[in-house]
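This report concerns a sheet of strands and a set of salt bridges. Please view the structure below before reading on.

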Amino acid sequence: MYPKIGDAWGNDAIIPHSQHFKADVVFSLQDIWVLDPNMLKAIPRWIPIVPIDHEPTPQAILDRLKLAYRIVTYAQFGKDELRKEGLYSTFIQHTVDTDIFKPQDKNEIKKTLGISEDTYLFGMVGANKDNPARKSFQEVIDAFKIFHDKHPKSAIYFHTLLEQQGGFNISAYCKFLGLEKAVYNLPVYDQMFKVDRRGMASVYNSFDVLMMPSTNEGFGVPAIEALSCGVPVITNDFTAMRELVEEGVTGWKSEVLSKRFTPLGSYVGVPSTKSLYECMEKSFSADRAKMGRAARKVAVEKYDTNKIFTTKWLPYLEQLENEIYGKEDKKLVNK
């Protein structure tokens, strides 16, 4: 495990760390538009595991991908978007440890959080570091306000920092709307240092529904973690989020109200508050036990860590090794 040095994105660390390790290949798993092209040119074999979270793909990302030795995309959306630009990638999806993230007794977990069993609980899991918030905190809270006025025995749990510097002030907005008594959140220190992966599995299991209607996602790991716990998901019908839930089977997709043009030179999609509220109502009246079983089945079949490592990563790495060491009969093929 190598640390960063001075640059926030690793531009001054990637090459010296790879030289110290004597790496044949350098994989990156981060936004790549922040990486210095001159640094990337100096890497003999750079393989970005790349998120595509705008539509269409921003030019700054395309310019850097042209410097890659190979490309790995972890959402079908990303693969399809790059194909439109004449770039080919290997699709290897993100994964979830289904042995850890699995269904538990929801009522028992609610008790540990101080939430009554008959409270209908929405949950959000995601970083709160920008405003307007990429995770659509305001839109979710606005929709929850409408839902809560109709269903007072409801609440929302935020697994994030409610008052993060530079982020959306969730605490202030919930208080402004009179929702502070319907909001749950762990103390900051507990969130940051006491909740491990098993603890996160318990957090997901307390939810009746996960809310993840981000304006843009390269994938959306919380969605498959929730699905693996048997929890339906409400997401946004934009970028990679489209492929994470099946409408009415494992979750619901909110409509995009508008598209916002970002400094990257492309669009993100702002979810409709009205549509989010309608998805919340659908979840309330749905057979969530049945949906939970379907969600769990999808997670095990499509995203299980051991399965994806064995069936996709191992063959990819073996073929890559053969290619680098000159076995011409086993060239790596990007399908």
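## Salt bridges and a parallel sheet

Glu-55, Asp-237 and Arg-242 are linked in a network of salt bridges; a salt bridge is a side-chain nitrogen of Lys or Arg within 4 Å of a carboxyl oxygen of Asp or Glu. This is a predicted model, in which local features need pLDDT of at least 70 and side-chain atom pairs count only at pLDDT 80 or more, while totals for chains, interfaces and linings use all residues. Residues are numbered from 1 along each chain as its sequence is written, and side-chain values use heavy atoms, with hydrogens and water left out.

By this rule there are 17 salt bridges.

| Pair | N to O distance |
|---|---|
| Arg-242 and Glu-55 | 3.1 Å |
| Asp-208 and Lys-110 | 3.0 Å |
| Asp-190 and Lys-194 | 3.4 Å |

Buried means under 20% relative accessible area, exposed over 50%, and partly exposed in between (1.4 Å probe, protein chains only). Asp-208 is buried at 8%, and Lys-110 is buried at 2%.

Four strands form an open, parallel sheet in the order β1-β2-β3-β4. The edge strands, β1 (26-28) and β4 (90-91), each pair on one side only. Strands are DSSP runs (E, at least two residues), numbered from the N terminus, and two strands pair if DSSP finds at least two bridges between them. Two bridges join β2 (residues 46-50) to β3 (residues 72-73); the bridge partner of Ile-49 in β3 is Val-72.
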